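Today I'm looking for pockets, and I want to know what lines them. Here is the structure I'm working from.

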Amino acid sequence: LEPELLLLDEPFISLDERSHASLLTDLKLLLPQTKTTTILATHSSQDIHELADQQIFLLNGKQCI
(Lines give C-alpha, C1' and ligand atoms only; values in the text may rest on other atoms or scores of the structure.)
Protein backbone atom coordinates (compact mmCIF):
# COMPACT_ATOMS: atom_id res chain seq x y z
CA LEU A 1 0.00 0.00 0.00
CA GLU A 2 1.11 3.54 -0.72
CA PRO A 3 -1.11 5.93 1.23
CA GLU A 4 -1.08 9.64 0.39
CA LEU A 5 -1.40 10.50 4.08
CA LEU A 6 -0.34 8.56 7.18
CA LEU A 7 -1.89 9.50 10.53
CA LEU A 8 0.01 8.35 13.63
CA ASP A 9 -1.67 9.00 16.98
CA GLU A 10 0.77 8.27 19.81
CA PRO A 11 2.27 5.30 17.92
CA PHE A 12 4.90 4.56 20.59
CA ILE A 13 2.78 5.01 23.72
CA SER A 14 2.33 1.32 24.62
CA LEU A 15 5.72 0.09 23.50
CA ASP A 16 8.63 -0.95 25.66
CA GLU A 17 11.84 1.04 25.27
CA ARG A 18 13.45 -1.41 22.85
CA SER A 19 10.39 -1.62 20.55
CA HIS A 20 10.00 2.18 20.68
CA ALA A 21 13.60 2.68 19.58
CA SER A 22 13.28 0.08 16.82
CA LEU A 23 10.06 1.53 15.38
CA LEU A 24 11.43 5.07 15.62
CA THR A 25 14.52 4.02 13.66
CA ASP A 26 12.39 2.28 11.03
CA LEU A 27 10.14 5.32 10.60
CA LYS A 28 13.15 7.66 10.35
CA LEU A 29 14.40 5.61 7.42
CA LEU A 30 11.11 4.82 5.68
CA LEU A 31 9.21 8.11 5.78
CA PRO A 32 11.75 10.11 3.75
CA GLN A 33 12.11 7.26 1.26
CA THR A 34 8.37 6.96 0.65
CA LYS A 35 7.80 10.74 0.79
CA THR A 36 4.49 10.01 2.52
CA THR A 37 2.93 13.03 4.21
CA THR A 38 2.63 12.02 7.86
CA ILE A 39 0.83 13.61 10.77
CA LEU A 40 2.26 12.50 14.11
CA ALA A 41 0.27 13.31 17.24
CA THR A 42 2.49 12.90 20.29
CA HIS A 43 3.41 14.37 23.64
CA SER A 44 7.05 13.39 23.18
CA SER A 45 9.30 16.25 22.13
CA GLN A 46 12.08 13.71 21.52
CA ASP A 47 9.96 11.84 18.96
CA ILE A 48 9.07 15.12 17.27
CA HIS A 49 12.72 16.11 16.95
CA GLU A 50 13.65 12.66 15.62
CA LEU A 51 10.92 12.43 12.96
CA ALA A 52 9.54 15.84 12.03
CA ASP A 53 10.74 18.34 9.49
CA GLN A 54 7.83 20.65 10.41
CA GLN A 55 6.13 21.07 13.77
CA ILE A 56 2.86 22.53 14.99
CA PHE A 57 2.16 22.85 18.69
CA LEU A 58 -1.37 23.04 20.02
CA LEU A 59 -2.47 24.40 23.38
CA ASN A 60 -6.14 24.09 24.26
CA GLY A 61 -6.88 23.17 20.64
CA LYS A 62 -5.22 26.28 19.21
CA GLN A 63 -1.91 26.61 17.43
CA CYS A 64 0.73 28.28 19.58
CA ILE A 65 4.14 29.65 18.66
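**Entry 1: the largest pocket.** I started with its size, and the largest pocket comes out at about 920 Å³ in volume. I'm keeping in mind that this is a predicted model.

Next I asked which residues sit closest to the centre of the largest pocket. The lining has 24 residues, and the closest to the centre are Thr38, Ile39, Leu40, Ala52 and Gln54.

Then I checked the elements. Two or more lining residues of the largest pocket come from each of helix 1 (17–34), strand 2 (37–41), helix 2 (45–51) and strand 3 (57–59). Which one gives the most? I found that strand 2 does, with five residues.

I also sorted the lining of the largest pocket by class: 13 residues are nonpolar, seven are polar and four are charged.

**Entry 2: the second largest pocket.** How much space lies in this one? I noted about 190 Å³ for the second largest pocket.

Helix 1 has the largest share here, with four residues.

By class, I got seven nonpolar residues, two polar and one charged for the second largest pocket.

Note on methods. Residues numbered from 1 in each chain as written. Predicted model: local features only at pLDDT ≥ 70, side-chain atom pairs only at ≥ 80, totals over all residues. Heavy atoms only, no water. 1 Å grid on protein atoms, 1.4 Å probe; cavity = no way out; pocket = protein on both sides within 12 Å on 5 of 7 lines; lining within 4 Å. Points joined across faces, edges and corners; volume = space filled by probe spheres on them. Nonpolar A, V, L, I, M, F, W, Y, C, P; charged D, E, K, R; others polar.
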